[in-house]
Amino acid sequence: MLRIHRRHTLVVLTAVVATTVVPVAPSFATEVAPPATVTAHMEDLPEAALPGAEDGTGVVEADVPFSMIGFTLPDGVDEVRVRTRGLDGTWSDWETLGREVVGLDGPDPGTAEARTAATDATEPLWVGDADAFEARLDGEVADLGASLIDTEGLSEGVVTKVVRHLRPQAVPVVAEAASRPAIISRAGWGANEALRTRSASYATPRFAVIHHTAGSNTYTKAQSASVVRGIYSYHAQTLKWGDIGYNVLVDRYGQIFEGRAGGLERGVVGAHAANFNTGSFGVSVMGNFETADLPTAAFEAVAKVVAWKYRIHGIDARAGRTVTHNGRTINVLAAHRDVGSTACPGRYFFARMGNLRNRVAALAATSSSPAPAPTKPATRFADVPASHAHFRTIEEIARRRITTGCTARDYCPSRTLTRGQMATFLYRAFDLPDAAGRPFRDVAGHPHERAIAAVAEAGIARGCARGRFCPDAPVTRAQMATFLQRALALPDARSPFTDTRRNPHEAAIGAVARAGIAKGYGDTYRPGEDVTRAAMATFLSRALAHRERTG
């Protein structure tokens with residue numbers, strides 16, 4: 001007997017107007033409202049005798065026609081093969097669905113989102129329209145479950161369909177601007193916000209991670225929004241991530257869709273590359289580019305949206321630019337396989353990553369001129385809106401004249417902090433006296449030469465090697481702890497973080513943690529991660545507050 005659990009979810013649509021770097025007044029259009037998303041989970045699937053070692057279900061007639069399918073797998077089984085029967089009676093080819101890998105896909109480990117995430121589900125597969133399926137696996141069929149999702153209105157009655165067409169929805173239409181591509185909002189693609197069970201969290205992005213959904217390459221342009229709705233439902237409900245994992249989705253026709261809720265102009269933490277979500281944004285192209293090449297329209301759309309996000313967050317778009325994250329040095333435009341053991345975004349897409357980086361750099365260069373300043377600027381820096389996670393501390397250090405930004409109108413919050421810049425921040429923050437002489441041979445004529453000499457004289461910085469300071473090298477979070485400990489003369493302390501044991505800077509990390517200057521990421525500190533200009537502002541703000549409290 002099949003046990004079927006259905007959830008009929010009414011679509012609650014809210015017109016969301018995303019703010020952008022160059023605000024473009026939205027107009028509103030009316031469209032046929034999308035159908036309600038219907039989901040069903042089937043258990044106790046019938047077992048059929050199959051030749052060979054595989055077990056299988058035989059033909060399973062679904063009570064609910066469906067456009068997307070995924071499975072919950074028995075212990076020890078990592079994949080299932082499936083084919084589906086279309087409403088016209090024809091069978092699809094067999095497709096292999098692999099288990100979503102914990103620690104590779106999904107939320108960052110150790111987060112509340114990760115603790116509730118499913119660990120036994122496969123990736124989803126878009127099938128267009130179907131009413132039956134067969135599955136094969138090397139395991140017990142009795143322990144296999146099937147999740148079916150209908151985002152196309154396949155199970156909708158005639159009356160419901162007529163009423164939906166007679167009552168169109170209003171959706172915002174935002175014109176493409178010089179620095180912002182046209183993006184279909186969550187309201188525009190029909191996100192049912194009742195499915196979302198998590199609130200957005202934020203961190204300043206420093207790099208992008210590129211994916212493919214590994215799904216169908218045969219959907220039509222008109223079906224793209226349905227594909228997004230299906231992925232959203234599967235990520236939010238079946239995988240229990242609470243929302244769609246990607247920040248941005250792009251279809252094969254070049255349409256761009258807003259993904260995870262929280263505001264595309266902000267640094268929303270996604271669930272697309274475990275261990276690399278915080279500090280990144282994820283863009284996924286809908287399709288399987290292990291088996292087919294990436295369409296030109298999709299390539300160009302990805303380049304446009306990445307260049308736009310780089311502009312917002314002050315990320316250096318040069319094709320060869322790298323960052324260090326979790327001890328790994330990666331390009332600021334990374335493929336998913338660069339940060340995890342996966343084929344994503346597929347061999348054909350991966351082969352074009354170099355071209356994509358060059359295209360993003362070219363687009364960023366042509367739109368690098370800042371927008372005309374409004375008569376009364378809302379914020380001091382164009383790239384640090386009031387919604388920015390570090391807005392308050394960046395404003396504070398600017399007000400104290402510790403920083404003047406990276407340009408006349410920008411702060412570049414996501415750029416990696418160099419040792420020379422660090423010296424100037426500390427020189428100004430702690431009002432250090434100028435020093436006589438030149439202690440390092442590699443800083444002659446350097447813009448930060450005076451500050452470097454001052455922090456060396458004060459005993460805050462000792463150089464990177466004999467006679468050298470390495471002014472253009474990045475500063476890690478561990479090194480930052482030592483600089484601040486010396487500047488404040490903090491006593492050594494035991495580090496509360498699990499990833500700092502036996503680190504040369506462990507006592508300094510403990511010192512700044514005890515002083516409330518560094519709070520880490522839960523029980524980790526990420527000592528090898530580079531410090532961004534935004535994070536430096538917050539470190540300094542807390543350090544100065546500590547000095548004022550303690551005298």
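This is a predicted model: local features need pLDDT of at least 70, side-chain atom pairs count only at pLDDT 80 or more; totals for chains, interfaces and linings use all residues.
The overall count first. The protein has 14 helices and 17 strands. It has 551 residues, and 54% of them count as buried. Of the contacts with a separation of 6 or more, 76% are between residues 24 or more positions apart.

Now back to the helix pair. The axes of helix 10 and helix 14 come within 11 Å, crossing at roughly 25°. Angles under 35 degrees count as roughly parallel, and these two helices are therefore roughly parallel to each other. Which residues make the contact? On helix 10 they are Gln421, Phe425, Leu426 and Ala429, and on helix 14 they are Arg533, Met536, Leu540, Leu544 and Arg547.

Two of those names, Leu426 and Leu540, come back in the largest nonpolar core. That core has 52 residues, and the ones touching the most other members are Leu426, Phe430, Met480, Leu484, Ile517 and Leu540. At least two core residues come from each of helix 9 (391-399), helix 10 (419-429), helix 11 (449-457), helix 12 (477-488), helix 13 (506-514) and helix 14 (533-550). Which helix gives the largest share? Helix 14 does, with eight residues. As a general point, nonpolar side chains in soluble globular proteins tend to be buried together.

Take Leu426 by itself. Setting aside neighbours within four places in sequence, its contacts are Asp431, Leu432, Val455, Ile460, Phe483, Leu484, Met536 and Leu540. Apart from this core lies another one, of 42 residues, including Ala303, Leu356, Leu363 and Ala364.

One more residue on the helical side: Thr482, in helix 12. Is Thr482 buried or exposed? Its relative accessible area is 10%; the cut-off for buried is under 20%, so Thr482 is buried.

Five of them form an open sheet with mixed pairing, in the order 13-12-14-11-17. At the edges are strand 13 (256-258) and strand 17 (333-335), each pairing on one side only. On average, neighbouring strands of this sheet are turned by 25° against each other, direction ignored.

Strand 11, residues 207-212, runs parallel to strand 17 and is joined to it by three bridges. In one of the pairings, Val209 has Ala334 of strand 17 as its bridge partner. What packs on this sheet? Helix 8, residues 353-366, does, touching strand 11 and strand 17. The direction of helix 8 makes about 160° with that of strand 17. Angles over 145 degrees count as roughly antiparallel.

Last, a hairpin. Strand 15 (residues 322-325) and strand 16 (residues 328-331) pair in the antiparallel sense, over four bridges. Thr324 stands opposite Thr329 of strand 16. How many residues lie between the strands? There are two, and in this hairpin Asn326 takes a positive phi near 55°.

That is the end of the tour.

Conventions
Residues are numbered from 1 along each chain as its sequence is written. Side-chain values use heavy atoms; hydrogens and water are left out. Two strands pair if DSSP finds at least two bridges between them. Axes are lines fitted to C-alpha atoms, for helices over the stretch in contact, and angles run from 0 to 180 degrees between N-to-C directions. Contact means heavy atoms within 4.5 Å. A nonpolar core is a set of buried Ala, Val, Leu, Ile, Met, Phe, Trp, Tyr and Cys residues joined through side-chain atoms within 4.5 Å. Buried means under 20% relative accessible area, exposed over 50%, partly exposed in between (1.4 Å probe, protein chains only). Angles under 35 degrees count as roughly parallel, over 145 as roughly antiparallel, 65 to 115 as roughly perpendicular and the rest as oblique.
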